[in-house]
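Q: Hi, I'm new to this one. Could you walk me through it?
A: Happy to, let's have a look together.
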Amino acid sequence: MIPERKLLVSRRSLLRFGAIGVGSLLLAGCDDAVSENPRILSFIDKASVLTYRAQRLILPRDKLAPEFSESDIAPQFRANGSTSPSDPAYRALAAANFVDWRLMVDGLVDKPLKLSLADLRALPASTQITRHDCVEGWSCIGKWTGTPLSEVLNRAGVKPQARFVVFHCADRFQDDGVPDDFEPGESDSGNSGGVPYYESIDFVDAYHPQTLLAYELNDQTLPIAYGAPLRLRLGRQLGYKMAKYVMRIELVSSFARMGGGNGGYWEDLGYQWYAGI
Ligand SMILES: Nc1nc2c(c(=O)[nH]1)N[C@H]1C(S)=C(S)[C@@H](COP(=O)(O)O)O[C@H]1N2
Ligand SMILES: [Mo]
């Protein structure tokens, strides 16, 4: 059973968000005030009345998310969800600084790829200082560096039937909706229980210039808490879309037979697939 608090942005919480007034928006660092982020409020308004299709008609495809300056960067970026995947294979890769890690790119592609971190770093890189907005009501500004997803997709060659890009992650969530994080001293469970985290986006977002496969946060190698060795960054959607611990990118024509069929871990629990902000 999933605890009630973990079940989607329920109607009740929408009402709760809606009942709180919009105050001033703190731009520096992390902003904890649920009520003070007009973007989150506007997401909730939109999500409750509009479908993804309608949002796509309204929002211009290449609209950029705001970018900030160095002085806006939060002294400590907030970590959320899984922060230390307990999967033994992941932990072995992490122990060796991910030198043996390979990003698999497969599915509806002309040429499946297996990319090391060095391969990704050899591709054109992009840096952005952007704000991360979590559906739980906090925001945080960070500086991200990585490979534009388009660079990887262009090298793999996208087949015409492909409609979605799926990100398969190394971490799992237990049946009670709690991340299966590794705790020091804990015996190795082998992680047979629970379900893996996954996410998906369409090609409007996949080719958007701010969509990155990030390997650095604030000029440092991406730490494990934030999704090492590679995590997705999107300019125009909420935090839960930005898959951490990405192991495999799969191009598909449908995600109906994957996970719970809704295109992502949180979507399978009722969140919106298109979490536009
Ligand atoms: N693999 C994976 N990706 C994930 C999550 C997670 O638990 N596992 N949590 C999501 C949520 S809800 C948020 S807000 C962000 C948190 O990213 P951060 O830890 O860098 O703040 O990652 C998203 N991507
Ligand atoms: Mo989140």
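Q: Which backbone atom is 2.9 Å from a nitrogen atom of ligand 1?
A: A polar backbone atom of Met242 sits at that distance, 2.9 Å, from the ligand 1 nitrogen. A polar contact here is a pair of N or O atoms within 3.5 Å. This is a predicted model, where local features need pLDDT of at least 70, side-chain atom pairs count only at pLDDT 80 or more, and totals for chains, interfaces and linings use all residues. Residues are numbered from 1 along each chain as written, chains are lettered from A and ligands numbered from 1 in the order written, and side-chain values use heavy atoms, leaving out hydrogens and water.

Q: And what do side chains do with the oxygens of ligand 1?
A: An N or O atom in the Lys244 side chain is 2.6 Å from an oxygen atom of ligand 1. Arg231 has a polar side-chain atom 2.9 Å from an oxygen atom of the ligand.

Q: How much of ligand 1 does the protein bury?
A: The protein buries 99% of the 530 Å² that ligand 1 exposes when taken alone, with areas from the Shrake-Rupley method and a 1.4 Å probe.

Q: Which residues come nearest to ligand 1?
A: Arg78, Asn80, Ser82, Asp171 and Lys244 do, out of 22 residues around ligand 1; near means a heavy atom within 4 Å.

Q: Switching topic, how many cavities of 30 Å³ or more are there?
A: The search of the whole structure finds two. On a 1 Å grid over the protein atoms alone, a cavity is a set of points where a 1.4 Å probe fits but cannot get out, and lining residues have an atom within 4 Å of a point.

Q: What lines the second largest cavity?
A: Its lining includes Arg56, Asp205 and Tyr274.

Conventions:
1 Å grid on protein atoms, 1.4 Å probe; cavity = no way out; pocket = protein on both sides within 12 Å on 5 of 7 lines; lining within 4 Å. Points joined across faces, edges and corners; volume = space filled by probe spheres on them. Polar contact = N/O pair within 3.5 Å; in protein donor to acceptor, adjacent residues only side chain to side chain.
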